[in-house]
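Dear colleague,

I am passing on the structure below, and after it I set out what was found there. Please read the notes with the structure open beside them.

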Amino acid sequence: MSNYYEFYCPVKTIAGQAALEHIPYELTSMASKRPMIITDKGVRGAGLLDPIISACEDGKVDIVAIYDEVPPDSSTDVVRDIAKLYRKEKADAIIAVGGGSAIDTAKAVNILVSEGGDDISEYAGAGVLKHPLKPFFVIPTTAGTGSEVTSVAVISDPRKSVKLAFSSSFLLPNAAIIDPRMTLTLPPHITAATGMDALTHATEAFTCIAKNPLSDAYASAAVKKINENLLKVMDNPKDSEGRLELAQAATMAGIAFSNSMVGLVHALGHSLGALCHIPHGVCMSLFLPYVLEYNIEQIREPLGELLLHLTSPEVYAVTPRAQRAEESIATIRKMRDELHRRCDLPRTLEETGKVSYEQLDKIAEMTVDDGSIMFNPREVSREEARAVLEKAWS
Amino acid sequence: MVSQARRIYVQLMMQVVGRAMQAISEVDDEVRKETAVLPDGFLFEMTIMPDGPALVMGKMPGGRLRYMGEKGPAAPDLSIQFKHLTHAFLVLSFQEKTSQSFANDRMLVDGDLGYSLRMVRVLNRLESFILPKLIAERAVKEYPHDLHLPKKLIHGARIYFQVATNLIDTVRAS
């Protein structure tokens, strides 16, 4: 671990039963009376907006506009349209309800409505924003991305065929509201993939080179919650307490990785996702054990420590220290097998049915140009990235 | 006094590293593979906030790099900025690896992140060639396992020779 670190998370976390009912108070405490909701069709169709709207109505707060057409891969045009609606309705705060795409879109909309203009690409990059933005609240509906506590957003620019990245601490919401009602109806496949996404965030945060004592605390606690609740919730999807634990774990893993970054699993996953359009959580689950095996000699100590949180004090105690890292990987493999048995979550590239063997070279090529690779404990060459892909093939 | 000495050291190292990057791009195929994808005329800057010292490299046809001095002919396409002279000193005196400096938030990247990774790999490869293995291992995340002594000595000597020639030419011209 380095002898220097930085850690920052000013997001107020409002978590637990009846958390949504705190929204009116939070809005009025920031002098906001006209919030706008940004979400997607799936969230609205599942009825997830109903308790939010009802909580606001009871608290005498009017939702002045709802935009529910955020696509899975949001674009600069979508951001511009939503900003136009925000201005037309004279909204004064944003509530994002959804997964990574809705939250990233809302972050970008907040830039436009706070800073002005119609072209979000003008604000791309790091450190461009110099002032706090409008009041912003996030209600995650998946337990995985951790976007509610990250200071980045990614939006596609279809005209230039590029993805624009925005990075600023001002993108962080004022509060993240974590209510078990929001993830209660998540289908098994998405519960599994997003749970593994959170596990990967925590595991990479705990083993990559920017790890620090504070991110370690969040990461290890997140791993423990995922270990104790993911399979339980898969078997009993209506387990409200388990759902809340998973949602909190995702937020904690998000706090961990946004302060210690991630490594090769993400570099491979970003490349695979971009090329083969495989959901991020699936990519994470797929690569996690293979990358841990590749990194093992550099991460033996922290990965061995994680065994305590991945299993139980009893298993940790009876496992010889020298074998704990291998046992951690074996435990993650077992978890993937269980998830595959329950919902066919792919464990190999071949099992996805969406990747051709010929694409491996291109994925390896893209991987070594991905920013996450900088924080991986090992220096990764194209050939080594290709070798990991080969192992993950079948 | 210490601060002044650090500034002089960093200034000197920037000049050496700039010339050495030019030299390694002429002698090493692996470096040219990294830089080949950069557009010709691409300007890379490594600088220290708030006002230098700095080095600027220009991408030439065929993947070669050219040291342009402290300032380039135009605004750089990619800039890696140390937040403080002390942070640059830690890296340039091989007390902190470049990747660890990134991880410690001591550097900012303004430009394409993928290209910045390529330039960091060029710097790592350069350090592996020109430094004794024991020191290079402190400077890079992983010492290249395929870099054997004969190649290291031959390439290292060519890089040092070109840096020295370039420095002498610069002194004569000034």
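Across the interface of chain A and chain B of this predicted model, 10 residue pairs are in polar contact, both residues having pLDDT 80 or more; a polar contact is a pair of N or O atoms within 3.5 Å, where within protein one must be able to donate a hydrogen and the other to accept it, and where residues adjacent in sequence count only if both atoms are side-chain atoms. On the side of chain A that touches chain B, the residues divide into eight nonpolar, five polar and eight charged, with Ala, Val, Leu, Ile, Met, Phe, Trp, Tyr, Cys and Pro taken as nonpolar, Asp, Glu, Lys and Arg as charged, and the others, Gly among them, as polar.

Between chain A and chain B the count is six salt bridges, each defined as a side-chain nitrogen of Lys or Arg within 4 Å of a carboxyl oxygen of Asp or Glu. One of them joins the side chains of B:Arg118 and A:Asp369, at 2.9 Å from N to O.

As for extent, 21 residues of chain A are in contact (heavy atoms within 4.5 Å) with 19 residues of chain B. The two chains bury about 1,700 Å² between them, 47% of it on carbon and sulfur atoms, buried area being the accessible area (1.4 Å probe) that two parts lose on being put together, summed over both. In chain A, the residues that lose the most area to chain B are A:Asp369, A:Met374 and A:Glu379, which together account for 37% of what that side buries.

Turning to aromatic pairs, the count over all chains is four, where rings of Phe, Tyr and Trp (its six-membered ring) pair if their centres lie within 6.5 Å, and planes under 30 degrees apart count as stacked, over 60 as edge-to-face and the rest as tilted. The rings of B:Tyr9 and B:Phe89 are edge-to-face, because their planes stand at 70°, with the centres 5.4 Å apart. B:Tyr9 is partly exposed at 28% relative accessibility, whereas B:Phe89 is buried at 17% (buried means under 20% relative accessible area, exposed over 50%, partly exposed in between, with a 1.4 Å probe and protein chains only). B:Phe42 and B:Tyr115 also form an edge-to-face pair, with ring centres 5.3 Å apart and planes at 85°.

Residues are numbered from 1 along each chain as its sequence is written, and chains are lettered from A and ligands numbered from 1 in the order in which they are written. Local features need pLDDT of at least 70, side-chain atom pairs count only at pLDDT 80 or more, and totals for chains, interfaces and linings use all residues, while side-chain values use heavy atoms, with hydrogens and water left out.

With best regards
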